[in-house]
Amino acid sequence: MKEEITAGGKEFVFAMLWAAFLYLVCYVITAVFHSYAFVGGIISVIIFVVFGYFILTRYTARFTYSLKGGKLRINRMIGKRNKETELNCADIEGLYYGYKPISFPKKTLNMRKSIINKKHSLYIEYRNKDGELCGVVIEPSEKLRKKINKQKDKGRSND
């Protein structure tokens, strides 16, 4: 099973609303530092650089999730740049849907389009080839989520 997720019109509207809000915040910052306008300008540039990073890595990316032969392949493509990870469903330690557990690993790949909303996120805790506990966050459909869970249980019963 393979599915592809990209940001749509709703995400574009949210990005524009956030940009307008940040523009107003930057205006207030430069007004507060009116005698040191360059400080407000530097702070504004930093704010918009961080905002641009999140827009670039989430809203302009194309995420592909594919499940085949007990392996889950997750791909994020931004332009011609690819970031890909593959894991065996048998190596999955835990699946958490809609919330991030406190014990979730710090070494986490964020492969989802949402920035703030976590209700459609699937947090996958797994062991990599070196035996380290890692995590990945994706936004699969309900159908793919159930198949991942089924493959995880199937892999556990074979051990």
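## Strands, cores and charged pairs

At a relative accessibility of 35%, Arg 127 counts as partly exposed, a class lying between buried (under 20%) and exposed (over 50%), with a 1.4 Å probe and protein chains only. The model is predicted, with local features needing pLDDT of at least 70 and side-chain atom pairs 80 or more, while totals for chains, interfaces and linings use all residues. Residues are numbered from 1 along each chain as its sequence is written, and side-chain values use heavy atoms, without hydrogens or water.

The side chain of Arg 127 meets that of Glu 93 in a salt bridge with an N to O distance of 3.5 Å, the term requiring a side-chain nitrogen of Lys or Arg within 4 Å of a carboxyl oxygen of Asp or Glu. This pair links distant parts of the chain, with Glu 93 in strand β5 (residues 92–97) and Arg 127 in strand β7, 34 residues apart. Strands (E, at least two residues) and helices (H or I, at least four) are DSSP runs numbered from the N terminus.

By this rule the model contains six salt bridges. In one of them the side chains of Glu 4 and Arg 62 come together, at 3.5 Å from N to O; because Glu 4 belongs to strand β1 and Arg 62 to strand β2, this pair ties together parts that lie 58 residues apart in sequence.

| Residue | Relative accessible area | Class |
|---|---|---|
| Arg 62 | 34% | partly exposed |
| Glu 84 | 46% | partly exposed |
| Arg 73 | 37% | partly exposed |
| Glu 93 | 38% | partly exposed |

Glu 84 and Arg 73 also belong to one network, in which salt bridges that share partners join them with Lys 71 and Glu 86.

Strands β1, β2, β3 and β4 form an open sheet in the order β1-β2-β3-β4, with antiparallel pairing, where two strands pair if DSSP finds at least two bridges between them. Each of the edge strands, β1 (2–6) and β4 (81–88), pairs on one side only, and on average neighbouring strands of this sheet are turned by 15° against each other, direction ignored, the angle, on a scale from 0 to 180 degrees, being taken between the N-to-C directions of lines fitted to C-alpha atoms. Five bridges join β1 to the antiparallel strand β2 (residues 62–68), and Glu 3 stands opposite Tyr 65 of β2.

The largest nonpolar core has 20 residues, and those with the most contacts inside it are Leu 72, Ile 74, Leu 87, Ile 124, Val 136, Ile 138 and Ile 148. Two or more residues of this core come from each of β2, β3 (71–78), β7 (122–127), β8 (133–138) and α3 (142–158). Leaving aside its neighbours within four places in sequence, Ile 124 has contacts that include Leu 72, Leu 87, Ile 92, Phe 104, Val 136 and Ile 138, contact meaning heavy atoms within 4.5 Å. A second, separate core of five residues includes Ala 19, Leu 22, Phe 51 and Ile 55; such cores are sets of buried Ala, Val, Leu, Ile, Met, Phe, Trp, Tyr and Cys residues joined through side-chain atoms within 4.5 Å.

Helix α2 (residues 37–59) contains Val 39, which at 26% relative accessibility counts as partly exposed. Val 39 and Phe 14 are 25 residues apart in sequence, and their C-alpha atoms are 28 Å apart in space.
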